[in-house]
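Good morning, and thank you for coming. Please look at the model on the screen while I speak.

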Amino acid sequence: METLSVLGAGTIGSLLVKAGLSQGYRVVATGRSERTLLRVKGLGAEAITDNASAVMRSDLVMISVKPQHFPELAKSIPRELWRGKTVISVMAGVRLDTLRKVMGGAQVFRAMPNVNAVVNMSTTAITGEGEAKELVDSLFRSLGVTYWVSEDMMDVWTALIGSGPAFISEIVDGLVLGAVSSGMPRDLAYSSVLDMLKGTAENLKNHKGHPVEVRDNVTTPAGTTIRGLKAMEERGVKAALIETVESSSRRASELGKLIDERIRRELIGED
Ligand SMILES: NC(=O)c1ccc[n+]([C@@H]2O[C@H](COP(=O)([O-])OP(=O)(O)OC[C@H]3O[C@@H](n4cnc5c(N)ncnc54)[C@H](OP(=O)(O)O)[C@@H]3O)[C@@H](O)[C@H]2O)c1
């Protein structure tokens, strides 16, 4: 049985532990606090604080600490231990080139799952090259669907797909409030909106064309839908959504640049 280690088994790391276990790996996971270690043990993995030992004992290493904690983590692991390992980082913003320089001799991938992994419906972007591609893909497929993308898509992915569940939750809340305002009990509105959302996603996928075609199919002249669409247009909902993803993506780039530069200064000695 191969060993997989998860360095930093927090929110996302715990999901990676579950993915590893479901794929039949022996899983060693690390954390600093008793709380993290207990949670990991509860999942069925071995829980330790020693990151170097976890790397030494594993073939596949997943890094899921917050990016700002990576320098401290990397300093606790002798560089020669990385040689020959397959490493997958889920840290936002830390570039492949930086990771390769810090972990010389390792085959490195970056993955960006989203919070829907809690219901095995993560939409995960993966980037990187190497013979372990299929193995990396199958790990993340156990948490949902995967997309292989070029690294320059990672910031907009972080905005659209990483923050997307927050944006959609906000839209759902608005729709529910509209129904409550029109006299529907909140529970009924909430539950039915979620079902409608799922149905609409399936319908759009099945349709394959442009979403406005599905929109136009339910838009009767002088009917109810066009009144609602007019209100959306007057309030600039579409412009707001475009701006939402654009500004979130810009922020992902800004934060990524800051953290990546800090890591390069601290670990590679670049000015
Ligand atoms: N949350 C998301 O939706 C999401 C989505 C995609 C990617 N990500 C990425 O996933 C990473 C983790 O995010 P998260 O939300 O899961 O954060 P989190 O819950 O804070 O988890 C980070 C974990 O790292 C552990 N840790 C920190 N320093 C450590 C060290 N030196 N040795 C061992 N363990 C250490 C912490 O353990 P203690 O608590 O015991 O100190 C904590 O459990 C981030 O890089 C983020 O960019 C997150």
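**A nonpolar patch and a buried aspartate**

Two helices, H8 (164-181) and H9 (186-207), each contribute at least two residues to the nonpolar patch; helices here are DSSP runs of H or I, at least four residues long, numbered from the N terminus. This is a predicted model, in which local features need pLDDT of at least 70, side-chain atom pairs count only at pLDDT 80 or more, and totals for chains, interfaces and linings use all residues. Residues are numbered from 1 along each chain as its sequence is written, and side-chain values use heavy atoms, with hydrogens and water left out.

Which helix supplies the largest share of the nonpolar patch? That helix is H9, with four residues. Leu 241, which belongs to helix H12 (residues 237-268), is partly exposed at 39% relative accessible area; partly exposed lies between buried, under 20%, and exposed, over 50%, with a 1.4 Å probe and protein chains only.

Let us stay with H9. Its 22 residues, at 1.5 Å a residue, should span 32 Å, and the end C-alpha atoms are 31 Å apart, which agrees; the expected span is 1.5 Å times one less than the number of residues. After H9 comes Lys 208, with a positive phi near 70°.

I turn now to Asp 137, in helix H6 (residues 133-141). Is Asp 137 buried or exposed? Asp 137 counts as buried because its relative accessibility is 9%. Leaving out residues up to four places away in sequence, Asp 137 touches Ile 126, Thr 146 and Trp 148, where contact means heavy atoms within 4.5 Å.
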